[in-house]
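Student: I have a structure to look through today. Could we go over it together, one topic at a time?

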Amino acid sequence: MDIQTLYNLFQATFQPDPNVRIQAELQLKQLEGTQGALLASMQIIGSEDSVIHVRQAASIYFKNAVKRYWFETESTPAHLKISESDKDAIKGSILQLLASAPQIVRTQLLTVLGTILSNDFPAKYPGYLTQVQSLLQSQDPKIVFVGLLALKEVTRVYKFKVSDREPVDEIIATFFPAIQQIGTGLVSANNVEAAEMLKIIFKCYHHTIQIDLSERLRDNASLVPWGTLFIQMVEKPVPTEGLPTDLEELEKHPWWKAKRWAYQCLNRLYTRYGNPTALTSESKFKPFANSFIVNFAPNILTAYLKQVELWVAKQAWLSPRVLCLMGNFFEESVKDKHIWSMMKPHSETLITHFVFPQLCFTSEDETLWVDDPVEYVHAKIDVLEDFTSPSTAATNFMTVMARYRQNAFMQILALANSVLQKYNESPAEAKNPREKDGALVMIGALAPLILRKKSLSSMMEPFFVNHVFPEFKSQYPFLRARACEMVNQFSDLDFEDSNNVAFAFTSLMENLRDSQLPVKVTAALALRPMIRHEAVCEAMKPHLQFIMHELLAMTNQIDVDTLSEVMDEFVEVFAQDLAPFAVQLCEQLRDTFLRICADMGPSSDGVEAITDRAIDEASDKTMAAMGVLKTMGTLILSLESTPEVLNQLEIALLPVITFTLQNAIIDLFDGVFEIIDSCTFSAKAISANMWGVFELIYKTFKESALDFMEEMLPSLDNYISYGKDVFSTNENVQHIIYDIIESVMKSDRLGENDRVQACKLAESLMLNCRGHVDKYIAPILNLVFHYLAPEEGIQTVEFRIQALEVVMNALYYNAPVTLRLLEENGWTQRFLTVWFTNLDKFSRVHDKKLSIFSLCSILNVPVAQLPPALQSGWPQILNGILTNFEGLPVAQAKRKEMEKLYNIGSDDSDEDSDADSNAGDDSDDDDEEETNALEAALAGDDDVEEEWVDDEEDVYDEGHEYLEYLAQQASKTRAVKTDGGDEEEEEEEDYEDDFGDLEEEIYFESPLDDLDPYIVFREVFTGLQQHNPASYAELTKETTPEQQEYIVQLINVGEVNATAAAEDAAAAAAEV
């Protein structure tokens, strides 16, 4: 490879002439895979004679090539694969290159090193650790710095790696004592270079403890010096020389980054491994935690409290990230009795001076509100959980204290009350609105706790009248927003005075018209829970068009998925009231959706352009688009009874469907397929427009949606079910469905769940197109028996049952042909064995009906056409039918129970619940007390103790008992596997018993729903008796008296049902 040519190309990429740049980039693209190109790039990067921007361009080219082609896959073109000789040369010189490279180039090279290590270390990079050790032993600090970078990259490989962690022990044993000593020597220094090295040392440590804490690091010989180093870093005053004055820049300063990583290491040690209340009794870290909580955690708490004291006194600045980490540590410290006993004397100070100031509306908040209200909403209102926000961490710390420690709860309420009283009593010029906001934030965060105590919740109505309602008209926009937020947080509060509910609703409507976006958003979010009030619900109806208009306008202004949830709720509750302008609403939703998608833009291949902020913004837009899709789907389903409106909605939504599928916006496929499902299901017919969509679905499936079979199935089933007239005559659409089935069944990248969906699609095709898809029966059976024929071909119960049902459907479709195909391919005996062995797994109503109909179809086959295996086992066919009939009433009862579960407010459900309760009278008294306590707590009974625990007791998180149970079960399982033998087989059988039954699909519809199995059995059985007595005699020769009596009962039921069906049909005909 000619280095000078390559150098010139890199230089040309910085030319101002775009034509020159593009030509150079194209030539570089063509050089990918050229032998020696990467090595030549390394020479350019390492040459001090090279211009810096050329070295940078070469490093980016080098990084991208390594990232794309170092790890080879089957799809990697042969000419782009990096040769083994080039790989060895790169690995042999990458660390030397790092040592000589300037910072702007080193960043790219570290990415290269990380890629190589993640793929090759340790097996294909055996000499790496020796090279790192050589760098760290240098007397040149710059070389030592590179050694630390190299060590950091190899520890990063194991940061989230659960298995194959053996090299970590070698890394810790070889390097950690040395880098700890280096860190101890640096912590007293004041230069920036020392801070950079300390940061890397701390990151190395943190990488190794993210998933596991090795025995070596648990040992006091390691823990004490490392812990001492971390605390020294926490307590070290940051050198003031050269510090930036801008707070954002200050947080990025190397010393503050180093401090942050020291805090993160201490927090990880405590929260993951050192807090006994967070561990199960089976945890291998339990002994370590019991020692850590007594001997080391108190030192961390003392150091943190000292930093808080300095911060409160304004003698020290703490970065937002450090404040957040402190809040996280304090939150965990509430739970352990030893640490809480140390923290309790400081709780009031922490509440007043650490938590409260962080909850008040700050000048930074105001700046963000004014300069970028959209970002303010994202940062402060539409927050799922911000793990880096100091105010979020402070809120969590406060709520955990309030929940579990009664004294702290009372201190919080006392502080909030004091601030609010002071605000009310002060003259206008002395009122502090920021402090009032903080007090309301505190009360709002405690809403779930307050509402569970009747003694407190009864005081909240006058509290709202005195402290919240006045702020709806506040001169301060942030207090107007806070008033709306408080109504939302206390949405479960029952106001005794209906005028107060009316006032709250009227005020929210006024704030929905506010000029400030954050106020409008909080008002909109608060309106949603107000729907539960019947009077408010009626009062909303005249304003629905305005409310929906405002919601859409805000969604167009800001991508907040919670606003879509509000719209979705309004559409669902007020469907009939929205019907007159449903089409207009749908068109507005469509336009909003398309606008969001347009803002999302095409994905970029340029790694350099992708930032965390860009990723967050793209995620926000995707979530918002999903929310709008859901609202449109709800609107369609809510107007199912208005076909003339549905047709217009379908037309309005076509651009949404086509845009998403044609542009392959994969993140939105799920929502769009739901829209297609809603359109076709609600209309119960396939329009010309939707047939066009069908073609687009197939094209999308072939190009980018192979992995979305489960999401596509409901729509495809609707096309077959409601477009069966077309499917029965159009070979093209039949072929499309078969090709989808075949593609899924044959794909190596899909699993059994996807093949289950393909089987369901094959079932829909055969059930809905009986007599019209003969040519696909044999190919479909071939696909299924590829998995069904081998002994171990299928792993899951669901796939086994669904594969069997494909064959059963084929029997129901055409039993003689199917039996012939089974026999010709040698599948008969295997199929019958698997079928009858798994009869108990056919637990759903559809399963049992299909089994009965397919067995009855076999009974109709002339004996001469039966395979030998069936002729010899002819009586077993009848036994199979009777077995399915015996389980049918149970399956039907289970289905009805599930239907009741989806019918909220059913009286029958209440009765069943009572019956279930009565059935458990013989349970232990303790269990009864727990149940009564739970019921009372849910009802808000005053007799129920709050969750406060004694200060001398530990606090365990929700779900701790369940985790403890899982740990014990895992321990038992390990013991069983160690012992082996019959117990392991019994465990597997128990697993089958527990998880073998398939859940009833209550929304599943098929042509079998309208068929009565009793009538079908009666017709087939009596017909066989009358027209083929020999076959009948062979069939019934082994029946017991009980079976004979049961058969008579079945025939009688069939006769009664047939008579009733005939009468219903006659009555319907008479009405017409």
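Student: How many of the ten residues of helix α3 are buried?
Tutor: This is a predicted model, and in it seven of the ten residues of helix α3 (residues 37–46) are buried. The helix is therefore described as mostly covered, buried meaning under 20% relative accessible area.

Student: Which residues in α3 are buried?
Tutor: They are Ala37, Leu38, Ala40, Ser41, Met42, Ile44 and Ile45.

Student: And what covers the buried residues of α3?
Tutor: The cover includes helices α1 (3–12), α4 (52–69), α5 (84–100) and α6 (103–120).

Student: Changing topic: which residues gather in a patch of negative charge on the surface?
Tutor: The patch is made up of Asp164, Glu166, Asp169 and Glu215.

Student: Where is Asp169 found?
Tutor: Asp169 belongs to helix α9, which spans residues 166–186. With a relative accessible area of 41%, Asp169 is partly exposed.

Student: Now salt bridges. How many does the count come to?
Tutor: The count comes to 37 salt bridges. One of them joins the side chains of Glu550 and Lys520, at 2.6 Å from N to O. This pair links distant parts of the chain, 30 residues apart: Glu550 lies in helix α32 (residues 544–557) and Lys520 in helix α30 (residues 517–530).

Student: Are Glu550 and Lys520 buried or exposed?
Tutor: Both Glu550 and Lys520 are buried.

Student: What about Arg820 and Glu824, how do their side chains meet?
Tutor: They meet in a salt bridge of 3.1 Å, N to O. Arg820 is partly exposed, with 42% relative accessible area, while Glu824 is exposed, at 52%.

Student: Why are Arg820 and Glu824 separated by about one helical turn?
Tutor: Because they are four residues apart in helix α46 (residues 815–824), about one helical turn lies between them. In general, an α-helix has 3.6 residues a turn, so residues three or four places apart point the same way.

Student: Which residue forms a salt bridge with Lys900?
Tutor: The partner of Lys900 is Glu897, and their closest N and O atoms are 3.4 Å apart. Both lie in helix α50 (residues 874–901), three residues apart, which is about one turn of the helix.

Student: Why does Glu897 count as partly exposed?
Tutor: Its relative accessibility is 35%, and partly exposed covers values between under 20% (buried) and over 50% (exposed). Lys900 is also partly exposed, with a relative accessible area of 22%.

Student: Last one: which residues do salt bridges that share partners join into one network?
Tutor: That network consists of Lys29, Glu32 and Arg68.

Methods. Residues numbered from 1 in each chain as written. Predicted model: local features only at pLDDT ≥ 70, side-chain atom pairs only at ≥ 80, totals over all residues. Heavy atoms only, no water. Buried < 20%, exposed > 50% of the residue type's maximum accessible area, 1.4 Å probe, protein only. Helix = DSSP H or I, 4+ residues; strand = E, 2+ residues; numbered from the N terminus. Contact = heavy atoms within 4.5 Å. Patch = residues over 30% accessible without salt bridge, like charges linked within 9 Å, V, L, I, M, F, W, Y side chains within 5 Å. Areas by Shrake-Rupley, 256 points an atom, 1.4 Å probe, with all protein chains shown as cover. Salt bridge = Lys/Arg side-chain N within 4 Å of Asp/Glu carboxyl O. Lys, Arg positive; Asp, Glu negative; His and termini not counted. Charge placed at Lys NZ, Arg CZ, Asp CG, Glu CD.
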